[in-house]
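Here's a quick briefing to read with the model open beside you. It goes through charged pairs, then a sheet, then the core.

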Amino acid sequence: MAFGPNPPSLQAHLCVKGGLQAIAFYEKAFGAECTFKQMAQDGVRVLHANLALFGSEILLHDEFPEFGGPVASPHAHGGASIALNVNLPSPSDVDAAMARAEAAGAITFMPAGDVFWGARYGRLTDPFGHVWAFNAPLAPG
């Protein structure tokens, strides 16, 4: 089912080039579970998918330029316009999440480090152009 009984109040809906490959990447990199997938009539592109990850959910679809509109993948626009922020329980979770994503093909542009707001924080870009930020509170010193 694409729409469950208790949807989150806010969901990111990612547009990608290569929806099936994106789903496979998110499963490998982030441990995502594809809970719903509807293919387009062409049998190649993902019309809609729901992915459960990090205790939440994102939505995903391929580009459909033939339908018009302003939504396109980051590659079509020359880069991402937002970062998806993932709040994790501990600093070691940030390091582990980034290492897993890097092993799956993500590119780190801000290595995990301790930052001024009292957190462990790092950023990377996935192969589909989306930016992911990982954040966890530092243990009280």
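Glu66 and Arg45 meet through their side chains in a salt bridge, 2.6 Å from N to O (a salt bridge is a side-chain nitrogen of Lys or Arg within 4 Å of a carboxyl oxygen of Asp or Glu). Glu66 sits in the loop between E4 and helix H2 (74-77) and Arg45 in the loop between strand E2 (33-39) and E3, so the pair ties together parts that are 21 residues apart in sequence. Keep in mind that this is a predicted model, where local features need pLDDT of at least 70 and side-chain atom pairs count only at pLDDT 80 or more, while totals for chains, interfaces and linings use all residues. Residues are numbered from 1 along each chain as its sequence is written, and side-chain values use heavy atoms, with hydrogens and water left out.

**Salt bridges**
- By that rule, the count is five salt bridges.
- Arg45 also forms a salt bridge with Asp42, with the closest N and O atoms 2.6 Å apart, and Asp42, Arg45 and Glu66 are linked in a network.
- Arg45 is partly exposed at 21% relative accessibility, Asp42 is partly exposed at 40%, and Glu66 is partly exposed at 48% (buried means under 20% relative accessible area, exposed over 50%, partly exposed in between, using a 1.4 Å probe and protein chains only).
- Asp114 and Arg120 make another salt bridge at 3.2 Å, N to O; here Asp114 is exposed at 54%, whereas Arg120 is buried at 18%.

**The sheet**
- Four strands form an open sheet with mixed pairing, in the order E5-E8-E7-E6 (strands pair if DSSP finds at least two bridges between them; helices, H or I with at least four residues, and strands, E with at least two, are DSSP runs numbered from the N terminus).
- E5 and strand E6 (107-115) stand at the edges with a single partner strand each, so one side of each has no neighbour in the sheet.
- Seven bridges join strand E7 (residues 119-125) to E8, and the two run antiparallel.
- Thr125 stands opposite Val131 in E8.

**The core**
- The largest nonpolar core has 30 residues, and Phe25, Tyr26 and Trp132 are among those with the most contacts inside it (such a core is a set of buried Ala, Val, Leu, Ile, Met, Phe, Trp, Tyr and Cys residues joined through side-chain atoms within 4.5 Å).
- H1 gives the most to this core, with six residues.
- Leaving out residues up to four places away in sequence, Tyr26 touches residues including Leu14, Leu51, Leu60 and Trp132 (contact means heavy atoms within 4.5 Å).
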